[in-house]
Every structure is written in C-alpha cells, then in structure tokens.
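Dear colleague,

I am handing over the structure we spoke about, and my notes on it follow below. Please read them with the coordinates open beside you.

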Amino acid sequence: KWLRINYIQYVALMDAALWALTELTLVVYMTWQRWPSLGKLSPGIPGIRWFLEHFLNFGFSLCGMYLVFTQRSFASKPWECAQSDAGACADARTDHLFTTLRAA
C-alpha cells in the first residue's frame, strides 16, 4: 500500500510534466519551423487559434502539475514495519484514500 500510493502520485506528476514538455516542444518547434510563413493565409500554416489551443493545453498541464505537487502526500514505510501492514504499521493515508489521491 505504501509504495502504490506513492507510485500513483509520482506517475501523476510525471504525466503532467511530460504533457507540458510535449506541448511546449510542439509550439516552439512549429514556430521555429513555420516562422517565415506565419501570418500568411496558406493551407497547413498554424493560425492564432492553433497557438491559443496549444498554449491553453500547456497551461492546463502546468496547473495540473502544480495541483498534484501541492497536494502530494509521500510517505516512507518505517523499517520496523518491513514484514507487516497491520496495527501501528498500517498506512494512515489509506483511511482517507480519496482525499490523499484526489489531485492525482
């Protein structure tokens, strides 16, 4: 249980970071590649709507990453509890699992 909850949160952080990086790379590459043609009305040239859409996606990814980062609840299992998950060794985060993982 300890590792699973941490894993879900780490994957949510990495997913948001990778989406933000992908969107940023796409916008930067497309701008660099099409710079001479921007502003021309030609098929295949991204317009202002395309840029706004991808900047919005980038912003949502950053907001998601910030939300998961600020709501994270990482915990390490104590060494004394290596062979047990009962009693004092139970992960207290599982008592309120929805609130622990709601941002992820």
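**Aromatic pairs and a buried glutamate**

W50 is partly exposed, with a relative accessible area of 22%, whereas F51 is buried at 13%. Please keep in mind that this is a predicted model. The ring centres of W50 and F51 lie 5.1 Å apart with the planes at 90°, so this pair is edge-to-face.

The structure holds two aromatic pairs. Y29 and W32 also form an aromatic pair, and this one is tilted, with 5.6 Å from centre to centre and 45° between the planes. Y29 and W32 are three residues apart in helix α1, and are therefore separated by about one helical turn. Y29 is partly exposed, with a relative accessible area of 44%, while W32, at 62%, counts as exposed.

Helix α1, which covers residues 2-34, also contains E23. This glutamate, E23, is buried and yet has no salt bridge, the nearest side chain of opposite charge being that of R49, 14 Å away. Leaving aside residues up to four places away in sequence, E23 touches H54, N57 and F58.

As for helix α2, which runs over residues 48-70, its 23 residues should span 33 Å at 1.5 Å a residue, and the C-alpha atoms at its ends are 32 Å apart, which agrees with that expectation. Within α2, the residues F51, H54, S61 and V68 are buried, and H54 is also one of the residues that E23 touches.

Methods. Residues are numbered from 1 along each chain as its sequence is written. This is a predicted model: local features need pLDDT of at least 70, side-chain atom pairs count only at pLDDT 80 or more; totals for chains, interfaces and linings use all residues. Side-chain values use heavy atoms; hydrogens and water are left out. Helices (H or I, at least four residues) and strands (E, at least two) are DSSP runs, numbered from the N terminus. The expected span of a helix is 1.5 Å times one less than its number of residues. Buried means under 20% relative accessible area, exposed over 50%, partly exposed in between (1.4 Å probe, protein chains only). Lys and Arg count as positive and Asp and Glu as negative; His and the chain ends are not counted. A salt bridge is a side-chain nitrogen of Lys or Arg within 4 Å of a carboxyl oxygen of Asp or Glu. Contact means heavy atoms within 4.5 Å. Rings of Phe, Tyr and Trp (its six-membered ring) pair if their centres lie within 6.5 Å; planes under 30 degrees apart count as stacked, over 60 as edge-to-face and the rest as tilted.
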